[in-house]
Structures are given as structure tokens and as C-alpha cells.
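Have the picture ready as you read.

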Amino acid sequence: MSMEFLTATNSKYIFIAAKCLGSFNQYHPDIKFNLVCVNTSEEEVEFLKQKHSNLNIIRENLSFESEGHERGYCICSRIWNIKKILKETENDVFYVDADVFLKDNVSELFEITKDVDFMIRAKRMEPFKCNAGMIWVKNTKKNLEIIEEWEDVARRMKITGPNQFILLEKYYEKGLYWSGQGAGIDQLGLNVIIQKYKNEINYQTFPEKFNGISTNEKSLICHMKGPEKHKYFNKRTNELQ
């Protein structure tokens, strides 16, 4: 089995992404790690390069109307970068949010995923609702079609209301979309897609040992929340080294 890791960051997330990269380099240095860097400086990119020995940097320099728009773009960029890896290689993809890190070797998880099409942590099965902070995708023609449909659904969603999300048509035309509070438009789209296909593919949620829930001490993967995460936002650029 061949696979690649994927995540995305902007300048605000640099130190969080560094923790992610460092942990994957510690336990799985031989597996290629793809890092999407949105509007990051040369200094920040050089800093990140030091954190992983098999790192592929994908740089994007774009203009956004707000910090929230930029953050949402980072989140949604996982869709087309998963698609790109599936189309251009024969490798499976393990996407993780930049605030995910490993506490130990997770080769046991990769043994489990050998026969799995999609592994995403389910919050509810009917109708399907997930936490999209970790997504395993097996490289098959069917799964590529599902990812392409996910991208199409995410681009077309237009949801408004308190604590919900909005997709403006001018950003749809540019291919830019973002989250408001909570989950992003792309995660809502993923819920729709997995609900549609979950009985046609081998879908599994993450086992307890690898589910990433920050309060689960048994999990070898941690998806940072609260104070543990926000302390990294307080670091300053002059700490880059």
C-alpha cells in the first residue's frame, strides 16, 4: 500500500502545522507529506520545511476579503488536493487538519484502512454527520468520482442563517468558498455525499484507538481543541527558528 498525507495552513496556523508535521515526521518519516501553504512568507515556509524530511510544499498566494474567507479556503482546499493526488498518483490519501498530531506510530491504523474506501469519524450515521478533520480515501475510480461530486456539491451549497454559512456567487465563480462559525461548507457537502454513497462503498468510522478525540486518552491521534490549540496562536513570528 502506498499513501500520502495532506494538510493545509496559513500564517496564523504556522506553529500548529509545525506540531502536526513534527509528529508525523517522528513516527512516519518515509511517507510523503503534502502541505498546502496559503499566503505564507518565505521565512514561514523555510521554518516548516525543517519539520518534516519528506515534505511537498504547495504554495498559494491569493487575495481574500477577510481572515475568515482565507481560513475557509484553507479548509476547502483539501477537496481539490485530495482529487489531485488520486488523479496523478496511485496512492491513497490521509488528510488531517493542521491541528491534528500523532502521539505514537499508527501503522496499525493503516493495516485497517487497506480494505476501506473512506474512513471519517461519524458523529451520527442517519442522516450522516461527521467530523471532517481526518479523512482517509482509498485510490479507486469510484472514490475519485465521489471526491469530484463532493467538490461540486460544496461549490453549489448556499446556506444562510444564524451561525450558519454563506457562499456568495462571485466567490463561487472564482472557486472560492469558506466557513463561517463551526463546520465549513465543504464538511456539510461531505455529509451529503457520504449519506448518498455509504451503502455502496466500504465506509468506516475511525476506531477508538485512532479517533482523534482530544479527550480520549486511548487515541494515538489527537485533534487539538481549546487551550491546547490556542496557545499556539500566541507565538510570534520572531520565534521562527
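Arg 121 lies in strand S6, residues 118-125. Strands (E, at least two residues) and helices (H or I, at least four) are DSSP runs, numbered from the N terminus. This is a predicted model, where local features need pLDDT of at least 70 and side-chain atom pairs count only at pLDDT 80 or more, while totals for chains, interfaces and linings use all residues. Residues are numbered from 1 along each chain as its sequence is written, and side-chain values use heavy atoms, leaving out hydrogens and water.

A salt bridge is a side-chain nitrogen of Lys or Arg within 4 Å of a carboxyl oxygen of Asp or Glu. A polar atom of the Arg 121 side chain does lie 3.4 Å from the backbone oxygen of Asn 211.

## Pairs that do form

Side chains of opposite charge can pair when their charged atoms come close. The structure holds 11 salt bridges. One of them joins Glu 67 and Lys 12, with the closest N and O atoms 3.2 Å apart. Glu 67 lies in helix H3 (residues 67-88) and Lys 12 in the loop between strand S1 (3-10) and helix H1 (14-27), so this pair ties together parts that are 55 residues apart in sequence. Glu 67 is exposed at 53% relative accessibility, and Lys 12 is partly exposed at 44%.

Technical notes
A polar contact is a pair of N or O atoms within 3.5 Å; within protein, one must be able to donate a hydrogen and the other to accept it, and residues adjacent in sequence count only if both atoms are side-chain atoms. Buried means under 20% relative accessible area, exposed over 50%, partly exposed in between (1.4 Å probe, protein chains only).
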